[in-house]
Amino acid sequence: MSTPALLDPSTLLERPGQRRSAVRGAPPRRGSTLVPAVPRPALVADFLAIAALDPAVERLRAAPAPVRLQLGDATVEHAADFEQVRTDEPGLLIDVVAESDLGRHPFRTAYVAGEPVVAEDGRRFVIESAATLRAEPRVSTVRLIMACRRTYVSAGDRVRILHHLDECGTGRLVECAAMAINAQDGVAAVLALAVEGLVAVDISRPILPETPVRRRVLPYPDPFGF
């Protein structure tokens, strides 16, 4: 997926559900460990990384036009932070909200209760927070993959890895890594191709030798029709 420049911090932080929290959390109980709050820009970065590696995401757009959302018997107009066009559903409207801001979000009650919120045109609305974006093992897998984004993959290794996947359909990570004979780290070379959007890796599971790897649809027209 080709992701355009989506972030303008000066505007995103002012959008509904994205304002900086001015409410201090309750003091921790004696003996409890204080977990630092995750700032919203860090959550947005996590969200964009997950979207880039999710093969179901075909397009991602920031700040879509306001829509009318159905919440029980009420109708509320709301401007979501992002819109995803996915292969598994027609459209998804998303707010990325810091935990400290959830209490002020217009759909906080539905979020806590797990009630569906749907736009008049049928698109589903969801809230992504630290609880969902930083759930394990996905967040660790995404970070391991994104850490390989600057790994150099030679033309020969690139062709061998992709040709191997064309031949077998879906290959194990350890097998694909063996195709990278010029790389110091064959696994990093395969994961670098995942960051480029050329291969798909299951980000819902830990990185293991048997992690399945497959080709992704090219983000541009293939002149040869492969």
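Visitor: Which strand does E83 lie in?
Guide: E83 lies in strand β4, residues 82-86. Strands here are DSSP runs of E with at least two residues, helices are runs of H or I with at least four, and both are numbered from the N terminus.

Visitor: What kind of model is this, and how are residues numbered?
Guide: The model is predicted: local features need pLDDT of at least 70, side-chain atom pairs count only at pLDDT 80 or more, and totals for chains, interfaces and linings use all residues. Residues are numbered from 1 along each chain as its sequence is written, and side-chain values use heavy atoms, with hydrogens and water left out.

Visitor: Back to E83. Buried or exposed?
Guide: E83 counts as buried, at 11% relative accessibility. Buried means under 20% relative accessible area, exposed means over 50%, and partly exposed is in between, using a 1.4 Å probe and protein chains only.

Visitor: What does E83 touch?
Guide: Leaving out residues up to four places away in sequence, E83 touches R59, L60, R61, P64, L92, L93 and R123. Contact means heavy atoms within 4.5 Å.

Visitor: And how far is E83 from D95?
Guide: Their C-alpha atoms are separated by 9.0 Å. Along the chain, E83 and D95 are 12 residues apart.

Visitor: What is the strand order in the sheet of seven strands?
Guide: The order is β1-β4-β5-β7-β6-β2-β3, in an open sheet with mixed pairing. Two strands pair if DSSP finds at least two bridges between them.

Visitor: Which strands stand at the edges?
Guide: β1 (57-62) and β3 (74-78) do. Each has a single partner strand, so one side of each is left without a neighbour in the sheet.

Visitor: By how much are neighbouring strands turned against each other?
Guide: By 35° on average, direction ignored. Axes are lines fitted to C-alpha atoms, for helices over the stretch in contact, and angles run from 0 to 180 degrees between N-to-C directions.

Visitor: In what sense do β2 and β3 pair?
Guide: Antiparallel, over five bridges, with β2 covering residues 67-71. L69 stands opposite V76 in β3. L71 has A74 in β3 as its bridge partner.

Visitor: How many residues are between β2 and β3?
Guide: Two, and the strands form a hairpin. G72 in the turn has a positive phi of about 65°.

Visitor: Which residue other than glycine has a positive phi?
Guide: A63 has one, near 50°. A63 is in the loop between β1 and β2. At 36% relative accessibility, A63 counts as partly exposed.

Visitor: Where is the cis peptide bond?
Guide: From E136 to P137, with omega near 5°. P137 is in the loop between α4 (130-133) and α5. Most residues other than glycine have a negative phi, and most peptide bonds are trans.

Visitor: New topic. At what angle do α6 and α8 pack?
Guide: At about 80°, with their axes 11 Å apart; α6 is residues 155-168 and α8 is residues 186-196. That makes α6 roughly perpendicular to α8. Roughly perpendicular covers 65 to 115 degrees; under 35 counts as roughly parallel, over 145 as roughly antiparallel, and the rest as oblique. R158, I161 and L162 in α6 meet V190, L193 and E196 in α8.

Visitor: How do α5 and α8 pack?
Guide: At about 100°, with axes 8 Å apart. The two helices are therefore roughly perpendicular to each other. From α5, L144, I145 and M146 meet L191, A194 and V195 in α8.

Visitor: How many residues of α8 are buried?
Guide: Eight of its 11, so α8 is mostly covered. Among the buried ones are G186, A188, V190 and L193. The buried residues of α8 pack against α2 (40-53), α5 (138-146), α6, α7 (173-178), β9 (199-201) and β10 (212-215).

Visitor: How many disulfides?
Guide: The count is zero. A disulfide here is a pair of cysteine sulfur atoms within 2.5 Å. The sulfur of C176 is 6.0 Å from the closest cysteine sulfur, in C168, too far for a bond. C176 is buried, at 0% relative accessible area.

Visitor: How many helices and strands are in the chain?
Guide: Eight helices and 10 strands. Of the 226 residues, 42% count as buried.
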